[in-house]
Amino acid sequence: MINEKDYEFKITAAGRVNIIGEHIDYCGGKVFPAALSLKNTVYVRGNGTDKINLSWTTLPDKVSLDTENLLQYKSLKYGNYQAGSALMWQQSGKKLVGCDMVQDCTVPFGSGLSSSAAIEVSTIAALAAVAGEEIEPVNIALLAQKAEREFAGVNCGIMDQYASACGKKGNAMLLDCKTLECKYVPVKMGAYSLVIINCNKPHNLVESKYNERRAETDEGLKILKEIAGISCLADLTVKQFDRCASLLHNKIRYRVKHVVEECERVNLAQKAMRAGDMLTLGNLLNESHTSLRYLYEVTGKELDALATAAQSHPACAGSRMTGGGFGGCTISIVKTEAVEDFKKYVLEKYEKATGYKATCYDAEISDGITVQKI
Ligand code: GLA
């Protein structure tokens with residue numbers, strides 16, 4: 001049990017769900033995520049030393065990080081995200097002070113709901129607070145992304161960290177990953193609700209497959225850059241793609257086609273959300289999943305079985321995988337009155353098809369970073 005009064009600040013950062021716009025943030029596309037009430041909470045107090053002492057509410061481990069030599073913690077099982085975050089904070093020229101931190105994470109690990117972003121963002125915000133530095137959410141998101149890339153070795157885009165830091169209760173975020181301009185769009189779903197379900201497939205090699213997809217889109221961009229006059233793949237229109245598709249080999253062509261069409265879908269989806277048109281939004285989710293399955297190849301048997309089961313329920317307007325893929329969660333748009341029946345139906349069908357038990361999460365759309373002085 002934590003005695004809150006022993007600490008100076010209580011800081012939180014959110015997990016996220018991506019409504020649509022998958023695997024396009026690192027191509028300069030617009031994405032449409034929302035921050036969740038599943039989050040990482042950090043209780044922090046200065047300790048007057050040059051150590052960051054870490055403990056967790058859910059783990060017996062205790063780790064002490066030497067702030068003079070943070071690079072040595074890259075392969076820690078627990079504490080590596082915090083070490084990477086502290087290092088990026090320090091390298092950005094900010095004051096890093098010794099402190100005690102208790103971490104309390106309610107974002108399930110490996111769920112595709114960005115537990116790592118929530119940990120990195122909340123850790124950096126806590127380091128800022130305890131050092132008396134200003135909390136700048138966008139800057140924190142960028143440093144957290146740097147930690148994920150340079151310390152954890154996942155060459156990710158900015159979506160997760162941005163949503164984790166800058167999310168707003170009740171709102172989705174139309175985030176332009178090229179300019180970092182963000183428009184908040186109220187999530188008003190009328191008679192429908194968002195349902196998040198984890199396929200619970202233990203996944204490995206996710207990082208290497210993720211980095212491989214990134215490299216494939218880079219290759220596509222290299223070939224098309226000059227011919228199409230674009231600086232990122234998201235700039236390519238569907239018409240332009242049709243004209244130059246034959247220049248790309250099969251696999252790269254499929255990847256680029258996904259990116260171009262997913263960008264279109266995001267635009268249509270945000271319009272549908274603003275108009276409260278859940279059937280159109282649901283269809284776009286279905287199309288996104290199909291594209292991630294056949295063109296981008298990041299779903300896998302379990303996510304496909306889960307999305308297919310969801311899509312076959314009469315009260316479901318649409319369903320897709322969310323996040324990086326290869327395991328993790330789906331999101332579905334489901335008539336609120338039928339949510340319980342939907343969950344039961346999908347869980348049964350999914351278990352029959354794969355042998356895995358799926359888990360449903362109750363989460364609301366919530367704020368990004370919150371800071372409470374204790
Ligand atoms: C992971 C990455 C994000 C994004 C998604 C796929 O969550 O961290 O940057 O690329 O995958 O959309």
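Helices and strands are taken here as DSSP runs, with helices of at least four residues and strands of at least two, numbered from the N terminus. On that basis H23 is placed in the loop between β1 and β2 (30-46). The model under discussion is predicted.

**Two residues with positive phi**

Most residues other than glycine have a negative phi. H23 has a positive phi, near 60 degrees, and is not a glycine. With a relative accessibility of 4%, H23 counts as buried. S114 is likewise not a glycine, and its phi is positive at about 65 degrees. This serine belongs to the loop between β5 (99-105) and α2. S114 is buried as well, at a relative accessible area of 8%.

**Packing of α5 against α7**

Helix α5 (residues 206-228) and helix α7 (residues 250-275) have axes that come within 9 Å and cross at roughly 90 degrees. Because angles of 65 to 115 degrees count as roughly perpendicular, α5 is described as roughly perpendicular to α7. On the α5 side the contact is made by R213, E216, T217, E219, G220 and L224, and on the α7 side by K251, I252, R255, V256 and V259. Sorted by class, this contact has five charged, four nonpolar and two polar residues.

The largest nonpolar core has 125 residues, of which F32, I52, M101, V256 and M273 touch the most other members. Helix α2 (residues 115-130) gives the most to this core, with 10 residues. Neighbours within four places in sequence aside, V256 is in contact with G220, L224, L233, L236, F241 and L248.

**Buried polar and charged side chains**

| Residue | Element | Relative accessibility |
|---|---|---|
| R16 | strand β1 (residues 9-20) | 3% |
| N80 | helix α1 (residues 80-91) | 15% |
| S164 | helix α4 (residues 159-166) | 0% |
| S319 | strand β9 (residues 316-322) | 0% |

R16 counts as buried because its relative accessibility of 3% is under 20%. A polar atom of the R16 side chain lies 2.8 Å from the backbone oxygen of G112. Neighbours within four places in sequence aside, the contacts of R16 include P33, A34, A35, L36, G112, L113 and S114. Also among them are M159, D160, A163 and G323.

Residues up to four places away in sequence not counted, S319 touches G282, L285, N286, H289, A307, A310, Q311, T330, I331 and S332.

S164 and D367 are 203 residues apart in sequence, yet their C-alpha atoms are 8.1 Å apart in space. Residues up to four places away in sequence not counted, S164 touches A13, A14, A117, A118 and V121, together with G368 and I369.

For N80, the C-alpha atom is separated by 9.9 Å from that of V63, which is 17 residues away along the chain. With neighbours within four places in sequence left aside, N80 is in contact with Y73, K74 and F151.

Definitions and conventions:
Residues numbered from 1 in each chain as written. Predicted model: local features only at pLDDT ≥ 70, side-chain atom pairs only at ≥ 80, totals over all residues. Heavy atoms only, no water. Axes fitted to C-alpha atoms, helices over the stretch in contact; angles between N-to-C directions. Parallel < 35°, antiparallel > 145°, perpendicular 65-115°, else oblique. Contact = heavy atoms within 4.5 Å. Nonpolar A, V, L, I, M, F, W, Y, C, P; charged D, E, K, R; others polar. Core = buried A, V, L, I, M, F, W, Y, C linked by side-chain atoms within 4.5 Å. Buried < 20%, exposed > 50% of the residue type's maximum accessible area, 1.4 Å probe, protein only. Polar contact = N/O pair within 3.5 Å; in protein donor to acceptor, adjacent residues only side chain to side chain.
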